[in-house]
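Colleague: Could you walk me through this model? I'd like to begin with how the chains pair up.

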Amino acid sequence: MTVTKRKTPLLDELEKGPWPSFVKEIKKEAAHNAMANDVLGILERSYEDHISHWKHGGLVGVMGYGGGVIGRYCDLPDEFPNVKEFHTYRINQPSAWFYTTKVLRHLCDIWEKHGSGLTNFHGSTGDIVFLGSSTEALEPCFAELSAEREDMPSFDLGGSGSNMRTPSCCVGPARCEWAMYDTLEACYDITQTFQDELHRPFFPYKYKFKFAGCPNDCVASIARSDCSVIGTWKDDIRVDAAKVKEYAANGVDIQTEIVDLCPTSCMAWDGNTLDIDNSNCVRCMHCINVMPKALKPGLERGAVILIGAKAPIIGGALLSSVFVPFLEMEPPFDDLKELTEAIWDLWGEHGKNRERVGEFIQRVGLGNFLDEIGLEPIPQMVMHPRTNPYIFFEDELEEDEA
Amino acid sequence: MAETEFQRRTDIGPPHYEQFLPPVIKKNYGKWDYHEILEAGVMVHVAESGDKLWSVRVGTPRLMGITTIREFADLADKYCDGYVRWTSRNNVEFLLTDSSKIEPLKKDVQALGFPVGGLGNRISNIVHTQGWVHCHSSASDASGVVKAVMDKLYPYFVGEKDLPAKMRVAYACCLNMCGAVHCSDIAILGVHTKAPVVNHNDLPKMCEIPTLVASCPTGAIRPATVDGKPSVEIEEAQCMYCGNCYTVCPACTINNAKTDGVSIWVGGKVSDARSTPKFSKLVVPFLPNTPPRWPEVVDAVVKIVEVYAANARKHERMGEWIDRVGWPKFFELTGFEFTKYHIDDFKHAGETFLRTAALRQ
């Protein structure tokens, strides 16, 4: 396809400088793709006007699904007819974003045929994002992605709207010594188990899972997912005393860099031996991060389950809070699934429209929420017990029993 | 429309990850012993078996065309037996079992225009949202601001300059935060500052009024008759500029070329190392949109990075350093003005007031 080259003096400024340029990326596709060329044009116009030229689209998608495609239209369709419709596909990524080049080229070929040639690797939730499809192209592109093939894996769409969003996970046991459970398998299993909830929005609002193998939380699960599954361990940190000395000899100041920064002051160093009071260790990872050859997590492994993180809209940003202080994370992850279904049942029935589960818990009270889903309240769930005396006592304290 | 020869299937889920794992990973899955960061963009993982796996981390602009993805695939074929992965922060990782390939690979990657770095006590890639490239409610562009900022922070990515600890920068183009920037060392956040403007002519034709009224999280939108036609009125004092109404009704325009802009927040983290996860806190309430390179935003971010780099102790993240020295010191050192906008007035705001006489004088 021949495409008329556009003048984009403002965007051209963003081709300068050492960091790789998204403008160059758009231009590479614009040279032979009319949609990408119109994106370039309309983006230059935004840079002139200081405003977005996109409108949210009504209901577009593929048959039988309520999510996975974000409708998008431009507000200047006469000037930029090739991006009059410019919808986004979210394609469910493989766990931990591993690919073969064969499958990457396959995805590129499909996208070259059906859309703008522009992508995000990856979108914020973790999906492969195909940016810019016409309404007409949605079904054929989906068919080509999802069709059964002998020599190539098939792909499905991810989540959007008020459904389970595409779960994601860290690199986990594939390439990290700190993975306290199999994040790739947990992510895959949960995604497959809840396909209906992923594709068909019937929740009050979105529900995200992120699987982090350790408390370093490389997928930001505690900030970004309604259900944060963060690996931890129960037994003692494994210490290789000789290697500790080696780190000390090679310039790590064990006292100031390790002992003094321990959040629970559970370590002591006499210049020779590192002593750890494991009963007081909260598994924060700092000492292990600094000396990965000498200190390793224990072997009795599982995860902390925390619930309720979200960004500000609507009722303010939240971090997830502790629900289960230690859960063994072995396939088929029945305990996590059971907890998830209990939460969905309650929130699904009583949550308000666009109320995330974290906001719902604040509205009804964590204590009441726990009662309903059948979890016992434990001190690990709070920073401290309540300080206000306005306790809503229930019926169990009748006068005649007192 | 031509009939497709492909038979669509639904509810199949993602392909199983195992088929994409290189043999060295399949062999040592869950049996890695330790790792070492060798340079800004190269680390080695050593397995219990003694096998070694070198990872070369490469920064990308996130928005990539298929031309570039195919070029990455060519490199992965040449050096990595056809395997490659992406990180949670839009970096590409090339995985090598032969350390002699590191330098030639780096050379080829850099020749394509992509930097190697981001590991350890450095600034990794900025995670960000769509902005003016593709979003209807963006208060600023995302890719442009990120590109301009990363051009200046480049030395901290490639390892020409080091930091006391790792630093995570994130960008979101409105409060919906598709990039969930609210727990980052430095968060750049697009902000609308005015209530939506209602086009009373278009509204009855384009929008369902009950849906529109219900879309407002603060109940600021009420049905009203304007010039004899059904429409809505907006209680401006109640609006927090989320843009949700614009999502359901294009006749309620939240975007405003003059009053949209960018805010800057600092001190958040998600890891548990040393201290618990933290939200980012407000430093600069508003900077205007100044495309194509947003110099005011870039200068503010660079200032914050430089002051942190000069003052924090080893291993101290931005928020941990500020917790130690105090916010008055942070504002003094960086020179940003503290205003009434910095004092929270949403629910639980009182929890952020300082209630002690123990002050640095």
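**Sheets across two chains**

Modeller: Strand 5 (residues 98–100) of chain A and strand 5 (residues 83–86) of chain B run antiparallel and are joined by 3 bridges. Two strands pair if DSSP finds at least two bridges between them. Helices (H or I, at least four residues) and strands (E, at least two) are DSSP runs, numbered from the N terminus.

Colleague: Before we go on, what should I know about the numbers?

Modeller: This is a predicted model, in which local features need pLDDT of at least 70 and side-chain atom pairs count only at pLDDT 80 or more, while totals for chains, interfaces and linings use all residues. Residues are numbered from 1 along each chain as its sequence is written, chains are lettered from A and ligands numbered from 1 in the order in which they are written, and side-chain values use heavy atoms, leaving out hydrogens and water.

Colleague: OK. Which residue is the bridge partner of Tyr99(A)?

Modeller: Val84(B), in strand 5 of chain B.

Colleague: And what order do the strands of that open sheet have?

Modeller: The sheet has 6 strands in the order 5(A)-5(B)-6(B)-3(B)-2(B)-1(B), with antiparallel pairing. Its edge strands, each pairing on one side only, are strand 5 of chain A and strand 1 (32–39) of chain B. On average, neighbouring strands of this sheet are turned by 25° against each other, direction ignored. Axes here are lines fitted to C-alpha atoms, for helices over the stretch in contact, and angles run from 0 to 180 degrees between N-to-C directions.

Colleague: How many bridges are there between strand 2 and strand 3 of chain B?

Modeller: Strand 2 (residues 42–47) and strand 3 (residues 52–59) of chain B pair over 5 bridges, in the antiparallel sense.

Colleague: What lies across strand 5 of chain A?

Modeller: Helix 4 of chain A lies across it and across strand 5 of chain B, running at about 85° to strand 5 of chain A.

Colleague: Now the interface. How many residues of each chain are in contact?

Modeller: 122 residues of chain A are in contact with 113 residues of chain B, where contact means heavy atoms within 4.5 Å. The area buried between the two chains is about 10600 Å², and carbon and sulfur atoms give 61% of it. Buried area is the accessible area (1.4 Å probe) that two parts lose on being put together, summed over both. Trp19(A), His50(A) and Arg175(A) supply 9% of the area that chain A buries against chain B, more than any other three residues.

Colleague: How many salt bridges are there between chain A and chain B?

Modeller: 12. A salt bridge is a side-chain nitrogen of Lys or Arg within 4 Å of a carboxyl oxygen of Asp or Glu. Arg175(A) and Glu93(B) make one of them, at 2.7 Å from N to O. Helix 4 (residues 101–114) of chain A gives the largest share of the side of chain A that touches chain B, with 9 residues.

Colleague: Change of topic. Which residues does a cis peptide bond join in chain A?

Modeller: Phe121(A) and His122(A), with omega about 5°. His122(A) is in the loop between strand 6 and strand 7 of chain A. In chain B, a cis peptide bond joins Pro291(B) and Pro292(B), with omega about 10°.

Colleague: What about phi at Phe333(A)?

Modeller: Phe333(A) is not a glycine, yet its phi is positive, at about 55°. Most residues other than glycine have a negative phi, and most peptide bonds are trans. Phe333(A) sits in the loop between strand 16 (321–327) and helix 12 (334–350) of chain A.

Colleague: Last one: what does Thr97(B) touch?

Modeller: Val24(B), Lys52(B), Leu53(B) and Trp54(B), not counting residues up to four places away in sequence. Thr97(B) is in the loop between strand 6 (91–96) and helix 3 (102–111) of chain B.
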